[in-house]
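Dear colleague,

Please find below the structure that I am handing over to you.

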Amino acid sequence: MGSAARVSAAVLSCVMLLLCCSNMAMAAVIQPKQVTILQECQKAWGQTFAGWAPGANCATAAKITCDAAGYVTSMNMSGLVLTGSLPNSLFMLDKLTMLDFTYNRLTGGIPITVGIANKLQWMSLSRNNFDGMVPLLNTLAQLSYLDLSTNGFIGELSSLPPALAYFNVQYNQFTGSIPAALATLTKLTYLNLKSNQFSGALPLALGKLANLQTLNIGTNALTGPIPVGISGLAKLTSLDLSYNKLSGPLPSSLGALPVIQAITLNENDLTGAIPPALFTLTQVTNLGLKANALTGSIPASVGSLASLVYMDLSENSLTGTLPAAMGKLAKLVEFNVNSTGPTKVLCAATGVCAVNQVASSAFCQKCTTFCQVCTPPGKNTNSPPTPTPAPVGSPAVSPAPPPATGTPPAAAPPSANSPVVSPAPTPAPTPAPTPAPTPAPTPAPTPAPTPAPTPAPIPAPSPAPAPAPPLLPPLLNPLLPPLLLRRLLLLRPPSPQLPLPPLLLLPPLLLLPPLLLLPPPLLLPPLQWHQLPLLSRPPLLLL
């Protein structure tokens, strides 16, 4: 037999051996003690799963995998809406390496028996309703991934697994200080302690986590300064310390983070000037320093942030002008720099830029001075103010033609939209055909001696391209201006025989006289009851 044939035969033998071992593993029967634990889990969660029974083959069992000997090695129960709690016997599956209970409704605490699952490497209890204190986990020597986020765990963090690379406990109720023992987790790459109740200062030892890539301790109650030793986080790409009570100046050592991409320090009590070294980080895309007490000006080195997409420096006390180097920020999409100080940040060319606005490429053009065009949307400082438009549905009134002189107001013919008051108890629904109204029992009003306080006759609407809708009857007109209503309430009748009804107690739709078409300047002088023409009096007084 040739050498090539011998090699082929050897390879075929290896493949057959692997297939045989794989079939043995898949055909393995679950160990009886393991089945007992699985049945206890079913009882605790109120659900049954296929293959969790004596004599079942692991290949047909749901949500679990086994080794060749029939021992459960992983359990994936994610998103099953399980209720109940974790039984103590669960962690007696002594070959268990992976456990996932994400997105369920489990309650209670983590059983203390978790400490004996020393083969466990990956565990997620995220997004449940667990509570209580977390038991000691330092015996889980192989556990590298631990996610306890979005639960109700309380107490302090202590005795963590030494091999952790991923640790997430955000959205819980942990208290106390951040343990300095975190610095011993040399393999840690992801640390998220966001939205808890941690207090005290940031431990100086955090700078020893040389492999850390993400650090998020936002929304806690941390105090004190940002440690200078943070520069030791050489692999850090994301830093979030926002919504705390950190104080003191921004350390220049932040500029020594060579691969940092996002720095968020919003809503703290940081003071002093922004160190120029912070603006030399060429890979930063997001920079948030909002709502601190930072002073001074924006350094010219800001132009070195070649990758910057978002920057928020608002709600500080920054002064000075925006550096011309900001015109180099070709990727910048959003920039907020409104100032709370006595001297606002000014645009180098055109004055105030983005005060109380979010300056983006939509209206702040990135030219050599960055803010060459700096007018917020909807504002134009070079054009005169435009008059306020009339309400929708109001008839167009031509302001140019004045009313004809020499014609007494009482004798003016009614317009098509103006109702004529008759002696009847209720106002006529349609205009009378006669050119002048019939005298009412009440004495006819005399025109005012001067044209200023006397209301002018109601002008007819100017012609429009489309016919304007007819005015509603006086009792249904909903567009009565508040100023007009106020003046009508101040009117007094000329005699006790004609009392003024309690207008404030009537429904709003019944308080509407046909004075809507009067020009606004003519409504401003104080009017007396006897000065109003008959056609202009509220029709309700004739009810």
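A nonpolar core, as the term is used here, is a set of buried Ala, Val, Leu, Ile, Met, Phe, Trp, Tyr and Cys residues joined through side-chain atoms within 4.5 Å. Buried means under 20% relative accessible area, exposed over 50%, and partly exposed in between, for a 1.4 Å probe and protein chains only. The model is predicted, so local features need pLDDT of at least 70 and side-chain atom pairs count only at pLDDT 80 or more, while totals for chains, interfaces and linings use all residues. Residues are numbered from 1 along each chain as its sequence is written, and side-chain values use heavy atoms, with hydrogens and water left out.

**The nonpolar core**

The largest nonpolar core has 93 residues. Trp45, Trp52, Met75, Phe101, Phe167, Leu193 and Leu287 are the members with the most contacts inside it. At least two residues of this core come from each of α2 (32-45), β1 (64-66) and β2 (72-76); helices (H or I, at least four residues) and strands (E, at least two) are DSSP runs, numbered from the N terminus. With five residues, α2 supplies the largest share of this core. In soluble globular proteins, nonpolar side chains tend to be buried together.

The 14 residues of α2 should span 20 Å at 1.5 Å a residue, and the end C-alpha atoms are 20 Å apart, which agrees. The expected span is 1.5 Å times one less than the number of residues in the helix.

Which residues of α2 are buried? They are Gln34, Val35, Ile37, Leu38, Cys41, Gln42 and Trp45. These residues cover an arc of only 160° around the axis, and therefore lie on the same side of α2; the arc is that of the directions from the helix axis to the C-beta atoms. An α-helix has 3.6 residues a turn, so residues three or four places apart point the same way. The buried residues of α2 pack against β1 and β2, whereas Pro32, Lys33 and Lys43 are exposed on the other side of the helix. Gly46 follows α2 and has a positive phi, near 70°.

Ala56 lies in the loop between α2 and β1. It counts as buried, at 12% relative accessibility. Not counting residues up to four places away in sequence, Ala56 touches Ala28, Val29, Ile30 and Gly51. The C-alpha atoms of Ala56 and Pro32 are separated by 9.5 Å, although the two residues are 24 residues apart along the chain.

**The parallel sheet**

An open sheet is formed by 10 strands in the order β4-β6-β8-β10-β12-β14-β16-β18-β20-β22, with parallel pairing. Its edge strands, β4 (107-108) and β22 (317-318), each pair on one side only. Two strands pair if DSSP finds at least two bridges between them.

Strand β18 (residues 269-273) runs parallel to β20 and is joined to it by three bridges; Gly272 has Leu294 as its bridge partner in β20. Strand β20 (residues 293-296) in turn pairs with β22 in the parallel sense over two bridges. There, Thr295 stands opposite Ser317 and Gly296 stands opposite Leu318.

**Three further loop residues**

Ser301 is in the loop between β20 and β21 (310-312). This serine is buried, with a relative accessible area of 18%. Its side chain reaches the backbone oxygen of Pro276 at 3.1 Å, and Ser301 touches both Pro276 and Phe279, not counting residues up to four places away in sequence.

Ser314 is found in the loop between β21 and β22. Is Ser314 buried or exposed? Ser314 is buried, with a relative accessible area of 1%. Its contacts, not counting residues up to four places away in sequence, include Leu289, Ala291, Asn336 and Asn338.

Leu136, in the loop between β6 (129-133) and β7 (145-147), is exposed, with a relative accessible area of 52%. Leaving aside neighbours within four places in sequence, Leu136 is in contact with Ser158 and Ser159. The C-alpha atoms of Leu136 and Ser158 are separated by 7.2 Å, and these residues are 22 residues apart along the chain.

With kind regards

Note on methods
Polar contact = N/O pair within 3.5 Å; in protein donor to acceptor, adjacent residues only side chain to side chain. Contact = heavy atoms within 4.5 Å.
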